[in-house]
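Subject: Structure handover

Hello,

Please find the structure below. My notes on it follow.

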Amino acid sequence: MADSPIRAKSFKFALKIIRLSTKLQQRREYVISNQLVRAGTSIGSNVEEAQAGQSRRDFLSKMAIASKEVRETKYWLRLIDKSQMASVDVHDELDDAEELIRILTAIVKTAGRSK
């Protein structure tokens, strides 16, 4: 089965978040790094779970959770960016988060309408 765009993008995003988290840990920024990696990798795991949803409602619930997780990830990225605490550029990750928000919002709206 071919990978859907949201599965591929959320997986690629999780890999970027893991790499960013590693950079943060090298700079001894453990608390935010842990929060970031938890939220940033949860997006893809919820998207994967949604693919095996037992019902449309289950699918919708998992995608809505993924949407919440990407918004939380964006929060942590903005905090890293604006605090300049680790001298790490997160602009690519912020752009990717925005794209994921748009895609997941569209999926949730579409799945919610087609009951």
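Does Thr73 count as buried or exposed, and at what relative accessibility? Thr73 counts as buried, at 0% relative accessibility; buried means under 20% relative accessible area, exposed over 50%, and partly exposed in between, with a 1.4 Å probe and protein chains only.

Some conventions before the rest. This is a predicted model, in which local features need pLDDT of at least 70, side-chain atom pairs count only at pLDDT 80 or more, and totals for chains, interfaces and linings use all residues. Residues are numbered from 1 along each chain as its sequence is written, and side-chain values use heavy atoms, with hydrogens and water left out.

Overall layout

The protein contains four helices and zero strands, and its elements run α-α-α-α from the N terminus on. The radius of gyration is 15 Å, close to the 13 Å that the globule rule gives for 115 residues, so the protein is as compact as a globular protein of that length. That radius is taken over C-alpha atoms, and the globule rule is 2.2 Å times the number of residues to the power 0.38. Helices (H or I, at least four residues) and strands (E, at least two) are DSSP runs, numbered from the N terminus. The C-alpha trace spans about 45 × 25 × 20 Å along the principal axes.

Of the 115 residues, 37% count as buried. Contact means heavy atoms within 4.5 Å. Among contacts between residues at least 6 apart in sequence, 70% join residues at least 24 apart.

Surface and charge

Core

The largest nonpolar core has 24 residues, of which Leu36, Leu77 and Leu104 touch the most other members. Two or more residues come from each of α1 (5–26), α2 (30–51), α3 (56–83) and α4 (91–113). The most is given by α3, with six residues. A nonpolar core is a set of buried Ala, Val, Leu, Ile, Met, Phe, Trp, Tyr and Cys residues joined through side-chain atoms within 4.5 Å.

Leu77 lies in helix α3 and counts as buried, at 0% relative accessibility. Not counting residues up to four places away in sequence, Leu77 touches Phe13, Ile17, Leu20, Leu36, Val90, Glu93, Leu94 and Ala97. Gly40 is 37 residues from Leu77 in sequence and 9.9 Å from it in space, C-alpha to C-alpha.

Thr73 is also placed in helix α3. Leaving aside neighbours within four places in sequence, Thr73 is in contact with Phe13, Ile17, Leu36, Ala39, Gly40 and Ile43. Between Thr73 and Gln25 there are 17 Å in space, C-alpha to C-alpha, at 48 residues apart in sequence.

Other positions

Arg28 sits in the loop between α1 and α2. Although not a glycine, Arg28 has a positive phi of about 65 degrees. Its relative accessibility is 64%, so Arg28 counts as exposed.

Gly44 belongs to helix α2 and counts as buried, at 11% relative accessibility.

Regards
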